[in-house]
Amino acid sequence: KEDEGREMGEEGVVVRVALVGAGNFAENTYVPLLTSPELRRSVSISAVWSRSQAKVDKLCEGLTGGGAVKKYHAEDGLEAVLRSNDVDAVIVLLPPKAGLEVTAKALRLGKHVLQEKPVGTSRRDVQSILEEYGKMGEFRPLWGVAENYRYEEAYAEARNLIEGDLGPLISLTLNASLALNESSCYWHTPWRHSTEELPAVDGVGIGYLFEGPVHFMAAIRKLVGCTRGGAIHASATLMAKNQALSPQQLDTLVGFLRFEGDESTPCVPCSISITYAASRPLVLFVAICERGNFTIERVPGKYRISVVRAGQTTTTETREVPFNGVEREVLSFVRGVQKFKAVAGEAPANLRRKVGLVPEECLDLSPVEALLDMDCLLSLF
């Protein structure tokens with residue numbers, strides 16, 4: 001069977017996926033993506049689980065024509081879906097605390113996991129699961145954390161500018177002004193308002209400042225070139241500016257990060273302003289380099305990169321790059337699982353492929369990178 005798997009190759013290998021979580025992101029992002037022309041030949045949604053049967057039923061309404069999707073709910077249903085022989089991989093779409101617990105269960109049962117960010121809510125909890133995962137050996141399943149900003153082409157192109165003709169970063173500035181109000185579907189998710197599901201500062205919730213801005217930490221680390229840790233110095237002021245939030249949350253952060261360099265990477269200071277109390281959205285990076293400057297602005301559905309090189313005081317090169325990190329990260333995960341299955345066929349024998357042979361692009365899904373993103377953000381609190 002192993003030889004047959006090698007002959008078959010990766011093309012035509014279908015990854016059977018269970019969606020664990022049936023909320024807004026599952027409905028609005030993952031279902032359309034996994035059933036898109038780009039992925040539907042490689043992925044089959046074989047099961048859906050949620051605490052609520054009503055949410056499972058609602059999500060599955062949009063999956064007609066995609067084959068028989070098994071529905072699960074409640075704790076018994078979770079155990080059943082994680083043990084199912086009809087599931088190769090689990091996509092965990094839960095709040096970070098519960099998401100880490102479910103991820104650990106799935107890995108122990110030999111399921112590949114793509115876990116939505118943030119990877120957890122505390123370094124201790126994440127580190128504990130990472131240590132357990134490492135002890136599973138070289139044939140353990142694939143564990144990826146979905147942080148799409150590491151896959152956004154805009155930040156990769158910007159990093160190439162820094163490593164190329166613009167030269168090393170002198171400083172980096174982020175202004176992330178986000179308009180959060182009752183019109184947003186994420187306003188109505190109770191766990192984002194919880195001080196039990198998410199971290200708190202002196203008993204006051206920081207749910208929105210934690211769950212969303214971990215994206216920005218991934219982008220900052222990508223731009224700075226801080227890919228494997230290193231010393232970070234941080235200071236910040238936290239404020240509650242959005243009076244409509246109930247219970248009241250700390251929703252505004254103004255701070256400073258300094259990434260200590262080494263022989264190959266210079267020290268880079270980064271000033272940060274993030275608020276969820278703005279009337280109009282604006283997400284803008286400003287990078288000052290030794291031989292020029294650039295900005296990255298997030299606009300609906302895309303990024304706008306503007307570059308001014310040394311000596312070009314009036315000429316700005318501007319180009320637009322699609323917002324496509326989610327698609328690229330999911331595709332990387334699917335390709336990684338396909339490599340497992342192409343060698344050994346169906347689960348549970350699909351764990352014969354060594355972790356070290358996972359495709360290079362899957363390294364950006366690393367839970368270690370996700371932990372470092374979370375560390376970076378928590379240092380500001």
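Where in the chain is Leu 63 found? In this predicted model, Leu 63 sits in the loop that runs between helix H3 (53-61) and strand S3 (70-73). With a relative accessibility of 6%, Leu 63 falls under the 20% cut-off and therefore counts as buried. Once its neighbours within four places in sequence are left aside, Leu 63 is in contact with Val 31, Thr 35, Ile 45, Val 48 and Val 69. Val 31, one of these partners, is 32 residues away from Leu 63 in sequence, yet the two C-alpha atoms are 7.8 Å apart in space.

The protein chain has 381 residues, of which 51% are buried. Its secondary structure comprises eleven helices and 16 strands. Of the contacts that link residues at least 6 apart in sequence, 69% join residues at least 24 apart. The chain exposes about 17100 Å², and 50% of that area is supplied by carbon and sulfur atoms.

Helix H7 (residues 153-163) packs with H9 (residues 214-224) at an angle of about 25 degrees, and their axes are 8 Å apart. Since angles under 35 degrees count as roughly parallel, H7 and H9 are therefore described as roughly parallel to each other. The crossing in which H7 passes H9 is right-handed. On the H7 side, the contact is made by Tyr 155, Ala 156, Ala 158, Arg 159 and Ile 162, while H9 brings in Ala 219, Lys 222, Leu 223 and Val 224. Sorted by class, the residues of this contact are seven nonpolar and two charged, with no polar ones.

H9 also packs with helix H11 (residues 367-378), here at an angle of about 105 degrees and with the axes 9 Å apart. Because this angle lies in the range of 65 to 115 degrees, H9 and H11 are roughly perpendicular to each other. H9 takes part through Val 214, Met 217, Ala 218 and Arg 221, and H11 through Glu 369, Leu 372, Asp 373, Met 374, Cys 376 and Leu 377. The class count for this contact is seven nonpolar and three charged residues, again without a polar one.

Most residues other than glycine have a negative phi, and most peptide bonds are trans. Against that background, the peptide bond joining Lys 117 and Pro 118 is cis, with omega at about -10 degrees. Pro 118 is placed in the loop between strand S5 (112-116) and helix H6 (123-134).

Positive phi values are found at Ala 74 and Asp 202. For Ala 74, a residue other than glycine, phi is near 65 degrees. Ala 74 belongs to helix H4 (residues 74-83), and its relative accessibility of 31% is why it counts as partly exposed. For Asp 202, which is likewise not a glycine, phi is about 55 degrees. Asp 202 lies in the loop between strand S8 (200-201) and strand S9 (204-205). With a relative accessible area of 79%, Asp 202 is exposed, in contrast to the buried Leu 63.

Conventions
Residues numbered from 1 in each chain as written. Predicted model: local features only at pLDDT ≥ 70, side-chain atom pairs only at ≥ 80, totals over all residues. Heavy atoms only, no water. Axes fitted to C-alpha atoms, helices over the stretch in contact; angles between N-to-C directions. Helix = DSSP H or I, 4+ residues; strand = E, 2+ residues; numbered from the N terminus. Parallel < 35°, antiparallel > 145°, perpendicular 65-115°, else oblique. Left-handed = near helix turned anticlockwise from the far one by under 90°. Contact = heavy atoms within 4.5 Å. Nonpolar A, V, L, I, M, F, W, Y, C, P; charged D, E, K, R; others polar. Buried < 20%, exposed > 50% of the residue type's maximum accessible area, 1.4 Å probe, protein only. Areas by Shrake-Rupley, 256 points an atom, 1.4 Å probe, with all protein chains shown as cover.
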